[in-house]
Amino acid sequence: MQRFYFHLNYLHNFIVDLEGAEYPDLQLAKSEAVQGIRDLAANCLRWGEEFKLGSVRICDADGTALEEVFVQEALAAIIPVSAVPSGPIPATFF
């Protein structure tokens, strides 16, 4: 098992994971980061808060960045970009 650190890159803040978590490989750690982003987004929606997370940076114990999971990547499988209107929603939509 290898210890991975999940640093949160918010719009105006960077939160360093000081504890980390153990996973057998980077792929499972990345899957956990994707699920973490989805959980944080769901909580923001639930509480009506603005979601300001940009990415989760996965690092090793030495602080070397191994992978960065961006919010768009984590949410794309459940909220396709084509499903989100880019302009005003027509009154006939409702």
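The legends below describe several close-up views of one predicted model.

The model is predicted, so local features are given only where pLDDT is at least 70 and side-chain atom pairs count only at pLDDT 80 or more, whereas totals for chains, interfaces and linings use all residues. Residues are numbered from 1 along each chain as its sequence is written, and side-chain values use heavy atoms, with hydrogens and water left out.

**View 1**
D60 is found in the loop that runs between β4 (53-59) and β5 (65-70); helices (H or I, at least four residues) and strands (E, at least two) are DSSP runs, numbered from the N terminus. A salt bridge would need a side-chain nitrogen of Lys or Arg within 4 Å of a carboxyl oxygen of Asp or Glu. The side chain of D60 does, however, reach the backbone nitrogen of D62 at 3.0 Å. Leaving aside residues up to four places away in sequence, D60 touches Q2, R3, Y5 and L66, contact being heavy atoms within 4.5 Å.

**View 2. The salt bridge between E22 and R3.**
Side chains of opposite charge can pair when their charged atoms come close. The structure holds 4 salt bridges, and in the one formed by E22 with R3 the closest N and O atoms are 3.5 Å apart. E22 lies in strand β3 (residues 21-23) and R3 in strand β1 (residues 2-10), so this pair ties together parts that are 19 residues apart in sequence. Both partners are partly exposed, E22 at 44% relative accessibility and R3 with a relative accessible area of 32%.

**View 3. A21 beside R3.**
A21 is found in strand β3 and counts as partly exposed, at 22% relative accessibility. Although A21 and R3 are 18 residues apart in sequence, they are 5.3 Å apart in space, C-alpha to C-alpha. With residues up to four places away in sequence not counted, A21 touches Q2, R3, F4 and F6.

**View 4. K30 and E73 in a network of salt bridges.**
K30 forms a salt bridge with E73, and the closest N and O atoms of the two are 3.2 Å apart. The pair links distant parts of the chain, with K30 in helix α1 (residues 26-47) and E73 in helix α2 (residues 71-76), 43 residues apart. K30 counts as buried at 18% relative accessibility, whereas E73 is partly exposed, with a relative accessible area of 39%. Together with E67, K30 and E73 are linked in a network of salt bridges.

**View 5. The salt bridge between E68 and R57.**
Here the closest N and O atoms of E68 and R57 are 3.7 Å apart. E68 lies in strand β5 and R57 in strand β4, so the pair ties together parts that are 11 residues apart in sequence. E68 is partly exposed, with a relative accessible area of 24%, and R57 counts as partly exposed at 25% relative accessibility.

Methods
Polar contact = N/O pair within 3.5 Å; in protein donor to acceptor, adjacent residues only side chain to side chain. Buried < 20%, exposed > 50% of the residue type's maximum accessible area, 1.4 Å probe, protein only.
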